[in-house]
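Please open the structure in your viewer and keep the selection panel at hand.

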Amino acid sequence: YVLLLMISEDRNMMRGIKRKDFHLSNLAIALKRDVHEAAILIYLLDPTPLEIKNLDLLPSLLHIACNSGTQKWPAMLPLTPTSASIALIEILVTAFDYVTNNVHLASLSSPTILSKLVDVAKNHNLEEGVALAAILIRCVRLNGNCKKFLSQATPVDPFLHLLRRKEHRAKCAALEYFHEILQIPRYGAHPVKNYSVIYLSL
């Protein structure tokens, strides 16, 4: 926590930390012991996708992301553990080959975890929203159960919020997400009645 406060005051400190071979394995141990701030430091150290995979962080990252509503973090931190965790999860489900990505996605595919990830999208945080859109898109493509659940449970407003942002990547993420959702066969009654507002927002 002290390191994070120092980094928030001077981002150049990250270069000094990296030069001293700050061991990711130590941070991984701290994260697995429920030190949520370690997720931020791992993200800021910018490890390679393979390094993230080898640290076996996915269960801990999911725990943080799925319990984001239970913690309040100081605004002075460079980002929240939730944002860092979601960004690292996005890497784990998109940066590898098809089989490896799907192995990671399988850990996200239960309705309990998906519903909590969908809830995080309601924070209207740009970075979280873009990363979550990428994660949920992969989940939709994973299997029929994910498709069915997300077609019924996905909220429109958080992704409309992304669509209305000025940032190009936010618009692209939202459009790709809506494109996937709108292709899902409807199960029973139409789960979302106001998809027409998507087109009015373009």
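The stops below concern a helix, its salt bridges and a surface patch in a predicted model.

Begin by selecting residues 168-182, which form helix 13. This helix of 15 residues reaches 21 Å from its first C-alpha to its last, close to the 21 Å expected at 1.5 Å a residue. Within helix 13, now highlight A170, A173, A174, Y177, F178, E180 and I181, the buried residues. They lie on the same side of helix 13, because they cover an arc of only 160° around the axis.

Next, select R169 and E127. These residues form a salt bridge, with the closest N and O atoms 2.6 Å apart. R169 belongs to helix 13 and E127 to helix 10 (residues 126-142), so the pair ties together parts that are 42 residues apart in sequence. R169 is partly exposed, at 38% relative accessible area, and E127 is also partly exposed, at 45%.

Proceed to R141 and E180, whose side chains meet in a salt bridge (2.9 Å, N to O). This pair likewise links distant parts of the chain, with R141 in helix 10 and E180 in helix 13, 39 residues apart. R141 is partly exposed at 44% relative accessibility, whereas E180 is buried at 12%.

Then select E167 and R165, a salt bridge whose closest N and O atoms are 3.2 Å apart.

Finally, select Y98, V99 and V103, which make a nonpolar surface patch of about 350 Å². V99 lies in helix 8 (residues 98-106) and counts as exposed, at 55% relative accessibility.

How values were computed. Residues are numbered from 1 along each chain as its sequence is written. This is a predicted model: local features need pLDDT of at least 70, side-chain atom pairs count only at pLDDT 80 or more; totals for chains, interfaces and linings use all residues. Side-chain values use heavy atoms; hydrogens and water are left out. Helices (H or I, at least four residues) and strands (E, at least two) are DSSP runs, numbered from the N terminus. The expected span of a helix is 1.5 Å times one less than its number of residues. Buried means under 20% relative accessible area, exposed over 50%, partly exposed in between (1.4 Å probe, protein chains only). The arc is that of the directions from the helix axis to the C-beta atoms. Patches are made of residues with over 30% relative accessible area and no salt bridge: like charges are joined within 9 Å, nonpolar side chains (Val, Leu, Ile, Met, Phe, Trp, Tyr) within 5 Å. Accessible areas come from the Shrake-Rupley method with a 1.4 Å probe; for residues, only the protein chains shown count as cover. A salt bridge is a side-chain nitrogen of Lys or Arg within 4 Å of a carboxyl oxygen of Asp or Glu.
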